Amino acid sequence: MASNRELWPETFASDSFPSLPCPSCRSGRLELRGETLTITRLGSAHREHLRRGYDPNNDAGRFTCTLVCSNRRCGEVVVVAGDASYEYFDEQENLNSLRPHSMHPGPPLMDVPANVPGFAVEAIRQAFEAFWGDRGSAANRLRISVERILDAEGVSKGSLKLHERIDLFGKGHPELEDTLDALRHVGNLGSHDGNVSREALLDTFEVYQEWLRNYYGKYPERIKALVAKLNTTKGAY
C-alpha cells in the first residue's frame, strides 16, 4: 500500500485520478464518478483576472467529487474535497491540478490483519482520513493505535509513559520493539510539532503494516509452514 508511492500523489491532474484502494473491500479500486467532479474558481482569483488579465500563477479554486468502488458487490462511496490550481498539463487556461485535503472514508494506506483489536483499528482508520489534510493528526492517531494495542496486550498503564510501556512489551518481543519506538517518535512529532512530512508518514504506514503482519498475522510462522509443506511434499499437492 504505502510502499507504492506512485499510488499516493500529493497532487494529480483532474483527468487522471489515482486508482486508490477501497476502504471497505480488498479487491476494489476507487473510480471517479465523472459527473460529480466540480471545480470552482475562487472569487479573489476571478477578480484578479478581471483587473489584470488571466495569469495561471494567480489562479486558484476548490474542487469536490465522488469516488466509487469498482467492485459492484461493494459499491463503497468516498467523498473528496480539496484545492485546485493550474499546472501546464496542456495549453488550456483552467484549474486542472487537484490537491485533496479530505477523503471520507479514507482509503487504506496499509493492510490491517483481521485480528487487530477493534479500537486500535479505529484509530488507524482515522489516520487514513487525516493523512490528506492533517498529517500531524494522522501521526498522532497512529501513536494512539499503538497505545491501544498495548492495552489489549495487557501492558500495564499505571503512571508509565508510552516509551516505558514499549520497553515492557519489548522484553517479551525484542525483535518488535524498534518499530513501536519509531511509531512513538513520529506520533510525538505530530502531537508536539503539529506536522510530519508526507514521506515520513508514508514510511511509518509501511513499517507499521509489516509490524502488524508479523505480530497479528503471524506472517513469519506462515511462511515457515509453507516452506516446510513445499519441502515435505516436493510441491506435489
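Modeller: A residue is called buried under 20% relative accessible area, exposed over 50% and partly exposed in between, with a 1.4 Å probe and protein chains only. Thr 38, with a relative accessibility of 38%, is therefore partly exposed. This is a predicted model, in which local features need pLDDT of at least 70 and side-chain atom pairs pLDDT 80 or more, while totals for chains, interfaces and linings use all residues. Residues are numbered from 1 along each chain as its sequence is written, and side-chain values use heavy atoms, without hydrogens or water.

Thr 38 belongs to strand 3, residues 38-41 (strands are DSSP runs of E with at least two residues, helices runs of H or I with at least four, both numbered from the N terminus). Beyond its neighbours within four places in sequence, Thr 38 contacts Arg 62, Phe 63 and Thr 64, where contact means heavy atoms within 4.5 Å. Of these, Phe 63 is 25 residues away in sequence, yet the C-alpha atoms of Thr 38 and Phe 63 are 5.4 Å apart.

For context, the aromatic residues follow. The whole structure holds 12 aromatic pairs (Phe, Tyr or six-membered Trp rings with centres within 6.5 Å; stacked under 30 degrees, edge-to-face over 60, otherwise tilted). Tyr 208 and Trp 211 form a tilted pair, because their centres are 6.5 Å apart and their planes meet at 50 degrees. Both lie in helix 6 (residues 198-215), three residues and hence about one helical turn apart. Tyr 208 is buried at 0% relative accessibility, and Trp 211 is buried at 2%. Elsewhere, ring pairs join Trp 8, Phe 128, Phe 131, Trp 132 and Phe 205 into a cluster.
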